[in-house]
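Please walk me through this structure.

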Amino acid sequence: MGLALNTTSLVPNHDEAELFKFIVNEGNGVKGLADSNIASLPPRYVHPPNERIDPKQVIDASLYLAKPIDLSGLEGEKKGEVIDTLCGAAEKLGFFQVVNHGVPLELLERSKKAAHSFFNLSPEKKAAFLKEKTPCRRVHYGTSFLPAKEKSLEWKDYLSMVYVSDEEAMEFWPHECRDAVLEYMKAANKMVHAILSTLLRGLGVELDESAVTQYAEARGVNMNYYPICPRPDLTVGVGRHSDLATLTILLQDDIGGLFVKVEDNGWIEIPPVEGALVINVGDTLEILSNGRYKSAEHRVIANSTKARVSVPLFASPRSQTMIGPLPGLPEKDGKTVYRKVKFGEYTANYFGATHRGKKTLDFAKITNEK
Ligand SMILES: COc1cc(/C=C/C(=O)SCCNC(=O)CCNC(=O)[C@H](O)C(C)(C)COP(=O)(O)OP(=O)(O)OC[C@H]2O[C@@H](n3cnc4c(N)ncnc43)[C@H](O)[C@@H]2OP(=O)(O)O)ccc1O
Ligand SMILES: O=C(O)CCC(=O)C(=O)O
Ligand SMILES: [Fe+2]
(Lines give C-alpha, C1' and ligand atoms only; values in the text may rest on other atoms or scores of the structure.)
(Ligands and ions follow the chains in the order given, each with its own letter.)
Protein backbone atom coordinates (compact mmCIF):
# COMPACT_ATOMS: atom_id res chain seq x y z
CA MET A 1 0.00 0.00 0.00
CA GLY A 2 1.22 3.53 -0.73
CA LEU A 3 1.18 6.09 2.03
CA ALA A 4 0.39 9.73 1.43
CA LEU A 5 2.84 11.62 3.60
CA ASN A 6 2.91 15.28 4.30
CA THR A 7 6.56 16.19 3.90
CA THR A 8 6.35 19.90 4.54
CA SER A 9 5.69 20.58 8.22
CA LEU A 10 8.00 19.62 11.11
CA VAL A 11 5.59 17.17 12.70
CA PRO A 12 2.89 16.41 10.14
CA ASN A 13 -0.62 15.51 11.09
CA HIS A 14 -0.67 11.93 9.80
CA ASP A 15 -3.62 9.74 10.44
CA GLU A 16 -2.08 7.80 13.35
CA ALA A 17 -4.13 4.65 12.79
CA GLU A 18 -3.24 4.52 9.09
CA LEU A 19 0.42 5.06 9.87
CA PHE A 20 0.40 2.30 12.53
CA LYS A 21 -1.27 -0.12 10.12
CA PHE A 22 1.31 0.63 7.43
CA ILE A 23 4.34 0.37 9.69
CA VAL A 24 3.38 -2.30 12.20
CA ASN A 25 0.50 -4.45 10.93
CA GLU A 26 1.44 -4.57 7.26
CA GLY A 27 5.12 -5.06 8.02
CA ASN A 28 6.53 -2.07 6.14
CA GLY A 29 8.43 -1.22 9.28
CA VAL A 30 10.05 2.11 10.00
CA LYS A 31 12.25 1.37 6.97
CA GLY A 32 9.11 1.50 4.81
CA LEU A 33 8.34 4.90 6.30
CA ALA A 34 11.91 6.16 5.81
CA ASP A 35 11.93 4.86 2.22
CA SER A 36 8.91 7.01 1.42
CA ASN A 37 11.26 10.00 1.66
CA ILE A 38 9.68 11.68 4.63
CA ALA A 39 11.25 15.03 5.43
CA SER A 40 9.78 15.18 8.90
CA LEU A 41 9.06 12.92 11.81
CA PRO A 42 5.51 11.61 12.40
CA PRO A 43 4.24 12.50 15.92
CA ARG A 44 4.12 8.84 16.94
CA TYR A 45 7.93 8.83 16.76
CA VAL A 46 8.44 11.95 18.85
CA HIS A 47 9.64 11.02 22.35
CA PRO A 48 9.33 13.27 25.39
CA PRO A 49 12.46 15.39 25.98
CA ASN A 50 13.44 13.42 29.09
CA GLU A 51 13.66 10.24 26.97
CA ARG A 52 16.04 11.79 24.44
CA ILE A 53 19.74 12.32 25.04
CA ASP A 54 20.61 15.92 25.68
CA PRO A 55 24.21 16.41 24.36
CA LYS A 56 24.94 18.04 27.75
CA GLN A 57 24.44 14.64 29.38
CA VAL A 58 27.15 12.98 27.28
CA ILE A 59 30.32 12.33 29.27
CA ASP A 60 33.85 11.37 28.20
CA ALA A 61 33.72 7.55 27.76
CA SER A 62 37.33 7.01 28.82
CA LEU A 63 36.36 7.87 32.41
CA TYR A 64 34.26 4.70 32.59
CA LEU A 65 35.02 2.41 29.65
CA ALA A 66 38.04 0.09 29.69
CA LYS A 67 40.17 -0.03 26.52
CA PRO A 68 39.16 -2.98 24.30
CA ILE A 69 40.24 -6.12 26.15
CA ASP A 70 42.57 -8.53 24.32
CA LEU A 71 40.99 -11.90 25.01
CA SER A 72 44.00 -13.82 23.72
CA GLY A 73 45.54 -12.77 27.05
CA LEU A 74 43.26 -15.25 28.83
CA GLU A 75 45.60 -17.96 27.60
CA GLY A 76 48.94 -16.27 28.23
CA GLU A 77 51.06 -15.07 31.10
CA LYS A 78 48.90 -11.95 31.53
CA LYS A 79 45.90 -14.11 32.38
CA GLY A 80 45.48 -12.70 35.89
CA GLU A 81 45.50 -9.13 34.60
CA VAL A 82 42.92 -9.91 31.90
CA ILE A 83 40.66 -11.66 34.43
CA ASP A 84 40.81 -8.62 36.72
CA THR A 85 40.05 -6.26 33.84
CA LEU A 86 37.05 -8.32 32.70
CA CYS A 87 35.60 -8.63 36.20
CA GLY A 88 36.30 -4.97 36.95
CA ALA A 89 34.55 -3.83 33.77
CA ALA A 90 31.51 -6.03 34.46
CA GLU A 91 31.33 -4.63 37.97
CA LYS A 92 31.93 -0.97 37.17
CA LEU A 93 30.04 -0.38 33.92
CA GLY A 94 28.59 -3.71 32.75
CA PHE A 95 29.83 -2.94 29.23
CA PHE A 96 33.21 -3.61 27.63
CA GLN A 97 34.69 -4.36 24.23
CA VAL A 98 36.84 -7.34 23.27
CA VAL A 99 39.36 -7.96 20.49
CA ASN A 100 41.20 -11.16 19.51
CA HIS A 101 37.97 -12.88 20.48
CA GLY A 102 38.32 -15.82 18.09
CA VAL A 103 35.38 -14.89 15.85
CA PRO A 104 36.76 -14.44 12.32
CA LEU A 105 36.55 -10.80 11.24
CA GLU A 106 35.32 -11.90 7.83
CA LEU A 107 32.31 -13.46 9.58
CA LEU A 108 31.55 -10.21 11.37
CA GLU A 109 31.50 -8.42 8.01
CA ARG A 110 29.28 -11.12 6.49
CA SER A 111 26.87 -10.88 9.44
CA LYS A 112 26.47 -7.11 9.01
CA LYS A 113 25.95 -7.58 5.25
CA ALA A 114 23.41 -10.31 6.02
CA ALA A 115 21.46 -7.84 8.16
CA HIS A 116 21.35 -5.33 5.29
CA SER A 117 20.30 -8.12 2.89
CA PHE A 118 17.36 -9.06 5.07
CA PHE A 119 16.11 -5.52 5.71
CA ASN A 120 16.55 -4.61 2.04
CA LEU A 121 14.05 -7.30 1.08
CA SER A 122 10.65 -6.14 -0.14
CA PRO A 123 8.11 -5.36 2.61
CA GLU A 124 6.06 -8.36 1.44
CA LYS A 125 8.97 -10.76 1.95
CA LYS A 126 9.76 -9.37 5.41
CA ALA A 127 6.08 -9.36 6.36
CA ALA A 128 6.04 -13.16 5.94
CA PHE A 129 8.01 -13.22 9.23
CA LEU A 130 5.65 -11.01 11.24
CA LYS A 131 4.59 -12.66 14.53
CA GLU A 132 1.09 -13.28 13.17
CA LYS A 133 2.38 -14.97 9.99
CA THR A 134 5.72 -16.60 10.72
CA PRO A 135 5.74 -20.37 10.19
CA CYS A 136 7.94 -20.78 13.30
CA ARG A 137 7.33 -18.87 16.53
CA ARG A 138 11.04 -18.76 17.31
CA VAL A 139 11.74 -16.45 14.38
CA HIS A 140 9.94 -13.17 13.85
CA TYR A 141 10.31 -9.76 12.30
CA GLY A 142 8.95 -6.58 13.87
CA THR A 143 9.42 -2.93 14.58
CA SER A 144 9.93 -1.00 17.83
CA PHE A 145 9.70 -3.11 21.03
CA LEU A 146 6.03 -3.41 21.92
CA PRO A 147 4.29 -1.12 19.38
CA ALA A 148 0.77 -1.84 20.64
CA LYS A 149 1.70 -0.67 24.14
CA GLU A 150 4.16 2.11 23.33
CA LYS A 151 3.09 5.75 23.31
CA SER A 152 6.12 6.65 21.18
CA LEU A 153 7.61 4.17 18.73
CA GLU A 154 11.27 3.33 18.34
CA TRP A 155 13.05 4.14 15.09
CA LYS A 156 14.10 0.50 14.64
CA ASP A 157 13.07 -2.67 12.80
CA TYR A 158 14.34 -6.04 13.95
CA LEU A 159 14.48 -9.75 13.19
CA SER A 160 14.62 -12.11 16.17
CA MET A 161 15.82 -15.71 15.91
CA VAL A 162 15.89 -18.09 18.87
CA TYR A 163 18.10 -21.11 18.18
CA VAL A 164 16.93 -24.60 18.98
CA SER A 165 18.47 -26.74 16.25
CA ASP A 166 20.29 -26.46 12.92
CA GLU A 167 17.35 -28.21 11.26
CA GLU A 168 14.86 -25.63 12.50
CA ALA A 169 17.14 -22.72 11.60
CA MET A 170 17.83 -24.07 8.10
CA GLU A 171 14.13 -24.52 7.47
CA PHE A 172 12.71 -21.35 8.97
CA TRP A 173 15.29 -18.57 9.29
CA PRO A 174 15.37 -16.15 6.32
CA HIS A 175 17.72 -17.51 3.65
CA GLU A 176 19.31 -14.08 3.20
CA CYS A 177 20.91 -14.18 6.64
CA ARG A 178 20.63 -17.67 8.12
CA ASP A 179 24.06 -19.06 7.08
CA ALA A 180 26.04 -16.06 8.32
CA VAL A 181 24.06 -15.84 11.57
CA LEU A 182 24.42 -19.55 12.33
CA GLU A 183 28.16 -19.46 11.67
CA TYR A 184 28.60 -16.32 13.75
CA MET A 185 26.62 -17.82 16.63
CA LYS A 186 28.71 -21.00 16.66
CA ALA A 187 32.03 -19.21 16.21
CA ALA A 188 31.23 -17.13 19.30
CA ASN A 189 30.52 -20.11 21.59
CA LYS A 190 34.06 -20.54 22.88
CA MET A 191 34.38 -16.83 23.66
CA VAL A 192 30.99 -16.73 25.42
CA HIS A 193 31.97 -19.65 27.63
CA ALA A 194 35.40 -18.16 28.41
CA ILE A 195 33.96 -14.76 29.39
CA LEU A 196 31.14 -16.18 31.48
CA SER A 197 33.38 -18.70 33.19
CA THR A 198 35.84 -15.90 34.04
CA LEU A 199 33.12 -13.62 35.41
CA LEU A 200 31.37 -16.31 37.47
CA ARG A 201 34.65 -17.59 38.89
CA GLY A 202 35.54 -13.99 39.73
CA LEU A 203 32.69 -14.06 42.24
CA GLY A 204 34.80 -16.35 44.42
CA VAL A 205 32.30 -19.15 45.04
CA GLU A 206 32.56 -22.87 44.24
CA LEU A 207 31.26 -23.55 40.75
CA ASP A 208 31.49 -26.49 38.41
CA GLU A 209 31.69 -26.26 34.63
CA SER A 210 28.08 -27.46 34.13
CA ALA A 211 26.82 -24.52 36.18
CA VAL A 212 28.61 -22.13 33.84
CA THR A 213 27.13 -23.93 30.84
CA GLN A 214 23.54 -23.96 32.06
CA TYR A 215 23.42 -20.18 32.45
CA ALA A 216 24.36 -19.60 28.82
CA GLU A 217 23.25 -22.66 26.88
CA ALA A 218 20.42 -21.00 24.96
CA ARG A 219 21.11 -18.70 22.03
CA GLY A 220 19.10 -15.97 20.38
CA VAL A 221 20.25 -13.58 17.70
CA ASN A 222 18.56 -10.33 16.73
CA MET A 223 19.32 -8.12 13.78
CA ASN A 224 18.47 -4.46 14.30
CA TYR A 225 18.03 -1.94 11.50
CA TYR A 226 17.94 1.82 12.13
CA PRO A 227 17.00 3.64 8.90
CA ILE A 228 18.10 7.19 8.11
CA CYS A 229 15.99 9.45 10.28
CA PRO A 230 14.92 13.03 9.44
CA ARG A 231 15.01 14.15 13.11
CA PRO A 232 17.22 11.92 15.29
CA ASP A 233 17.11 14.61 17.97
CA LEU A 234 13.37 14.06 18.53
CA THR A 235 13.21 10.28 18.62
CA VAL A 236 15.09 7.18 19.85
CA GLY A 237 16.46 4.11 18.04
CA VAL A 238 16.05 1.87 21.08
CA GLY A 239 14.65 3.21 24.33
CA ARG A 240 16.36 2.95 27.74
CA HIS A 241 16.57 -0.69 28.78
CA SER A 242 18.77 -3.37 30.24
CA ASP A 243 19.11 -6.72 28.44
CA LEU A 244 17.37 -9.88 29.54
CA ALA A 245 20.02 -12.49 28.88
CA THR A 246 23.12 -13.52 30.83
CA LEU A 247 25.49 -11.93 28.33
CA THR A 248 24.88 -9.95 25.15
CA ILE A 249 27.56 -10.04 22.46
CA LEU A 250 26.89 -7.07 20.25
CA LEU A 251 28.23 -6.59 16.77
CA GLN A 252 27.82 -2.96 15.78
CA ASP A 253 28.82 -1.30 12.52
CA ASP A 254 30.94 1.84 12.15
CA ILE A 255 28.15 4.38 12.55
CA GLY A 256 27.85 4.70 16.33
CA GLY A 257 24.92 5.72 18.49
CA LEU A 258 24.97 3.21 21.37
CA PHE A 259 24.94 4.96 24.77
CA VAL A 260 25.27 3.55 28.29
CA LYS A 261 24.09 5.22 31.47
CA VAL A 262 26.65 6.18 34.11
CA GLU A 263 26.36 8.15 37.35
CA ASP A 264 24.32 11.34 37.73
CA ASN A 265 22.22 10.74 34.64
CA GLY A 266 25.30 10.94 32.42
CA TRP A 267 25.65 8.83 29.27
CA ILE A 268 28.74 7.56 27.48
CA GLU A 269 28.96 6.33 23.92
CA ILE A 270 30.40 2.90 23.16
CA PRO A 271 32.50 3.90 20.16
CA PRO A 272 32.65 1.58 17.16
CA VAL A 273 36.04 -0.20 17.09
CA GLU A 274 36.84 -2.16 13.95
CA GLY A 275 36.93 -5.91 14.62
CA ALA A 276 35.81 -5.53 18.26
CA LEU A 277 32.69 -7.01 19.83
CA VAL A 278 30.77 -5.21 22.56
CA ILE A 279 29.92 -7.37 25.56
CA ASN A 280 27.32 -6.43 28.11
CA VAL A 281 26.04 -7.94 31.30
CA GLY A 282 22.32 -8.77 31.16
CA ASP A 283 19.74 -8.92 33.95
CA THR A 284 20.31 -12.66 34.38
CA LEU A 285 24.00 -12.17 35.20
CA GLU A 286 23.20 -9.29 37.56
CA ILE A 287 20.85 -11.67 39.39
CA LEU A 288 23.31 -14.60 39.40
CA SER A 289 26.02 -12.32 40.79
CA ASN A 290 23.70 -11.02 43.56
CA GLY A 291 24.00 -7.53 42.08
CA ARG A 292 27.80 -7.40 41.77
CA TYR A 293 27.88 -7.29 37.94
CA LYS A 294 25.80 -4.48 36.44
CA SER A 295 23.18 -5.01 33.79
CA ALA A 296 23.66 -1.52 32.44
CA GLU A 297 20.90 0.70 31.16
CA HIS A 298 21.54 1.57 27.52
CA ARG A 299 19.87 3.03 24.46
CA VAL A 300 20.48 3.81 20.83
CA ILE A 301 20.03 7.08 19.00
CA ALA A 302 18.98 7.32 15.37
CA ASN A 303 21.14 8.83 12.63
CA SER A 304 20.37 11.41 9.94
CA THR A 305 22.88 10.33 7.30
CA LYS A 306 23.33 6.57 7.31
CA ALA A 307 21.29 3.45 8.07
CA ARG A 308 22.84 1.55 11.00
CA VAL A 309 22.74 -2.19 11.70
CA SER A 310 23.64 -4.16 14.82
CA VAL A 311 23.57 -7.87 15.54
CA PRO A 312 23.17 -8.76 19.23
CA LEU A 313 23.76 -12.36 20.20
CA PHE A 314 22.05 -13.29 23.47
CA ALA A 315 23.42 -16.09 25.66
CA SER A 316 20.88 -17.11 28.28
CA PRO A 317 19.61 -20.08 30.31
CA ARG A 318 16.75 -22.26 28.99
CA SER A 319 13.25 -21.24 30.08
CA GLN A 320 12.98 -23.96 32.75
CA THR A 321 16.27 -23.03 34.46
CA MET A 322 16.02 -21.33 37.86
CA ILE A 323 18.09 -18.17 38.24
CA GLY A 324 19.08 -16.57 41.53
CA PRO A 325 22.28 -15.56 43.33
CA LEU A 326 24.86 -18.34 42.97
CA PRO A 327 24.99 -20.69 45.99
CA GLY A 328 27.27 -19.29 48.67
CA LEU A 329 27.14 -15.68 47.41
CA PRO A 330 24.48 -14.28 49.78
CA GLU A 331 26.45 -15.69 52.71
CA LYS A 332 29.67 -14.21 51.33
CA ASP A 333 28.03 -10.84 50.61
CA GLY A 334 26.02 -10.76 53.81
CA LYS A 335 22.83 -9.97 51.89
CA THR A 336 20.44 -11.44 49.31
CA VAL A 337 19.60 -8.92 46.61
CA TYR A 338 17.56 -11.15 44.28
CA ARG A 339 15.16 -14.05 44.77
CA LYS A 340 15.15 -17.23 42.69
CA VAL A 341 12.92 -17.14 39.60
CA LYS A 342 12.36 -19.40 36.63
CA PHE A 343 14.08 -17.84 33.62
CA GLY A 344 10.93 -18.39 31.51
CA GLU A 345 8.90 -16.35 34.02
CA TYR A 346 11.52 -13.61 34.04
CA THR A 347 11.37 -13.60 30.22
CA ALA A 348 7.57 -13.32 30.18
CA ASN A 349 7.72 -10.34 32.54
CA TYR A 350 10.52 -8.74 30.48
CA PHE A 351 8.58 -8.89 27.24
CA GLY A 352 5.31 -7.95 28.95
CA ALA A 353 5.97 -4.24 29.36
CA THR A 354 7.57 -1.44 27.39
CA HIS A 355 11.19 -0.39 27.92
CA ARG A 356 11.61 1.30 31.28
CA GLY A 357 15.30 1.39 32.10
CA LYS A 358 16.31 -1.14 34.73
CA LYS A 359 12.79 -1.65 36.09
CA THR A 360 12.75 -5.21 34.68
CA LEU A 361 15.03 -6.26 37.55
CA ASP A 362 12.37 -5.33 40.12
CA PHE A 363 10.62 -8.59 39.21
CA ALA A 364 13.38 -10.52 41.01
CA LYS A 365 14.54 -7.89 43.50
CA ILE A 366 14.04 -8.51 47.21
CA THR A 367 12.87 -5.18 48.50
CA ASN A 368 13.62 -5.78 52.15
CA GLU A 369 17.14 -7.12 51.85
CA LYS A 370 17.76 -10.09 54.13
C1 LIG B 1 13.07 -6.65 20.14
O2 LIG B 1 13.64 -5.53 20.73
C3 LIG B 1 14.48 -5.69 21.78
C4 LIG B 1 14.86 -6.92 22.36
C5 LIG B 1 15.70 -6.90 23.46
C6 LIG B 1 16.14 -8.07 24.18
C7 LIG B 1 16.16 -9.23 23.67
C8 LIG B 1 16.68 -10.36 24.42
O9 LIG B 1 17.35 -10.33 25.42
S10 LIG B 1 16.25 -11.76 23.66
C11 LIG B 1 16.95 -13.10 24.44
C12 LIG B 1 16.63 -14.28 23.60
N13 LIG B 1 15.30 -14.21 23.15
C14 LIG B 1 14.31 -14.81 23.80
O15 LIG B 1 14.46 -15.48 24.81
C16 LIG B 1 13.00 -14.62 23.18
C17 LIG B 1 12.00 -14.74 24.21
N18 LIG B 1 11.66 -16.16 24.32
C19 LIG B 1 10.49 -16.60 23.99
O20 LIG B 1 9.60 -15.87 23.57
C21 LIG B 1 10.28 -18.08 24.16
O22 LIG B 1 11.28 -18.59 24.99
C23 LIG B 1 10.29 -18.83 22.80
C24 LIG B 1 11.58 -18.57 22.08
C25 LIG B 1 9.15 -18.35 21.91
C26 LIG B 1 10.15 -20.30 23.04
O27 LIG B 1 8.94 -20.47 23.70
P28 LIG B 1 8.40 -21.88 24.01
O29 LIG B 1 8.33 -22.69 22.77
O30 LIG B 1 7.17 -21.71 24.85
O31 LIG B 1 9.59 -22.38 24.89
P32 LIG B 1 9.69 -23.50 25.90
O33 LIG B 1 8.38 -24.00 26.42
O34 LIG B 1 10.68 -23.05 26.86
O35 LIG B 1 10.32 -24.65 25.02
C36 LIG B 1 9.62 -25.48 24.07
C37 LIG B 1 10.61 -26.55 23.65
O38 LIG B 1 11.72 -26.00 22.94
C39 LIG B 1 12.91 -26.23 23.68
N40 LIG B 1 13.68 -25.02 23.69
C41 LIG B 1 13.20 -23.79 23.94
N42 LIG B 1 14.18 -22.89 23.84
C43 LIG B 1 15.27 -23.59 23.51
C44 LIG B 1 16.59 -23.23 23.27
N45 LIG B 1 16.96 -21.96 23.29
N46 LIG B 1 17.47 -24.20 22.98
C47 LIG B 1 17.10 -25.49 22.92
N48 LIG B 1 15.85 -25.89 23.13
C49 LIG B 1 14.96 -24.97 23.44
C50 LIG B 1 12.48 -26.57 25.08
O51 LIG B 1 13.40 -27.39 25.73
C52 LIG B 1 11.18 -27.29 24.84
O53 LIG B 1 11.46 -28.60 24.43
P54 LIG B 1 10.56 -29.80 24.96
O55 LIG B 1 11.18 -30.98 24.31
O56 LIG B 1 10.70 -29.76 26.44
O57 LIG B 1 9.18 -29.47 24.49
C58 LIG B 1 16.15 -5.70 23.97
C59 LIG B 1 15.76 -4.50 23.37
C60 LIG B 1 14.93 -4.50 22.30
O61 LIG B 1 14.48 -3.32 21.77
O1 LIG C 1 21.96 -1.49 18.34
C2 LIG C 1 22.63 -1.47 19.35
O3 LIG C 1 23.76 -1.00 19.39
C4 LIG C 1 22.09 -2.02 20.65
C5 LIG C 1 20.77 -2.70 20.52
C6 LIG C 1 20.25 -3.20 21.83
O7 LIG C 1 20.50 -2.62 22.86
C8 LIG C 1 19.47 -4.45 21.88
O9 LIG C 1 19.10 -4.97 20.81
O10 LIG C 1 19.21 -4.94 22.99
FE1 LIG D 1 20.09 -3.92 24.57
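**Ligand 1 and its surroundings**

Start with Lys156: an N or O atom in its side chain is 2.7 Å from an oxygen atom of ligand 1. The model is a predicted one. A polar backbone atom of Tyr163 is 3.2 Å from a nitrogen atom of ligand 1. For Arg318, an N or O atom in the side chain is 3.3 Å from a nitrogen atom of the ligand. The protein buries 67% of the 1200 Å² that ligand 1 exposes when taken alone.

Which elements give two or more residues to the shell around ligand 1? They are β4 (157-163), β5 (218-226), β6 (238-241) and α12 (343-350). The largest share, three residues, comes from β4. Around ligand 1 there are 21 residues, and Arg137, Lys156, Tyr163, Ser319 and His355 come nearest. By class, the shell has eleven nonpolar, five polar and five charged residues.

Next comes the metal. Ligand 3 is an iron ion, and its protein donors are His241 (NE2), Asp243 (OD) and His298 (NE2). These donors lie 2.1 to 2.2 Å from the iron ion. Their spacing in sequence reads H-x1-D-x54-H. His241 lies in strand β6 and His298 in strand β11 (residues 298-300), so this pair ties together parts that are 57 residues apart in sequence.

Now turn to the empty space. Rolling a probe the size of a water molecule over the atoms shows where such space is left. The structure holds one cavity of 30 Å³ or more. The volume of the largest cavity is about 40 Å³. Its lining includes His241 and His355. His241 is also a donor of the iron ion, and His355 is among the residues that come nearest to ligand 1. Others in the cavity lining include Phe145, Ser242, Tyr350 and Arg356. By class, this lining has three nonpolar, six polar and one charged residue.

The second largest pocket holds about 360 Å³ of space. It is lined by 17 residues, and Leu71, Leu74, Glu75, Lys190 and Ala194 are the closest to its centre. Two helices, α3 (79-92) and α8 (189-201), each supply at least two residues of the lining. Which element gives the most to this lining? It is α8, with six residues. The pocket lining divides into six nonpolar, seven polar and four charged residues.

Methods: Residues are numbered from 1 along each chain as its sequence is written. Chains are lettered from A and ligands numbered from 1 in the order in which they are written. This is a predicted model: local features need pLDDT of at least 70, side-chain atom pairs count only at pLDDT 80 or more; totals for chains, interfaces and linings use all residues. Side-chain values use heavy atoms; hydrogens and water are left out. On a 1 Å grid over the protein atoms alone, a cavity is a set of points where a 1.4 Å probe fits but cannot get out, and a pocket is an open set with protein on both sides within 12 Å along at least five of seven lines; lining residues have an atom within 4 Å of a point. Grid points are joined across faces, edges and corners, and a volume is the space filled by probe spheres set on the points. Ala, Val, Leu, Ile, Met, Phe, Trp, Tyr, Cys and Pro count as nonpolar, Asp, Glu, Lys and Arg as charged, and the others, Gly among them, as polar. A residue is near a molecule or strand if one of its heavy atoms lies within 4 Å of it. A polar contact is a pair of N or O atoms within 3.5 Å; within protein, one must be able to donate a hydrogen and the other to accept it, and residues adjacent in sequence count only if both atoms are side-chain atoms. Accessible areas come from the Shrake-Rupley method with a 1.4 Å probe; for residues, only the protein chains shown count as cover. Helices (H or I, at least four residues) and strands (E, at least two) are DSSP runs, numbered from the N terminus. Donors are N, O and S atoms within 2.8 Å of the metal (3.2 Å for Na, K and Ca); water is not among the atoms, so sites may look incomplete.
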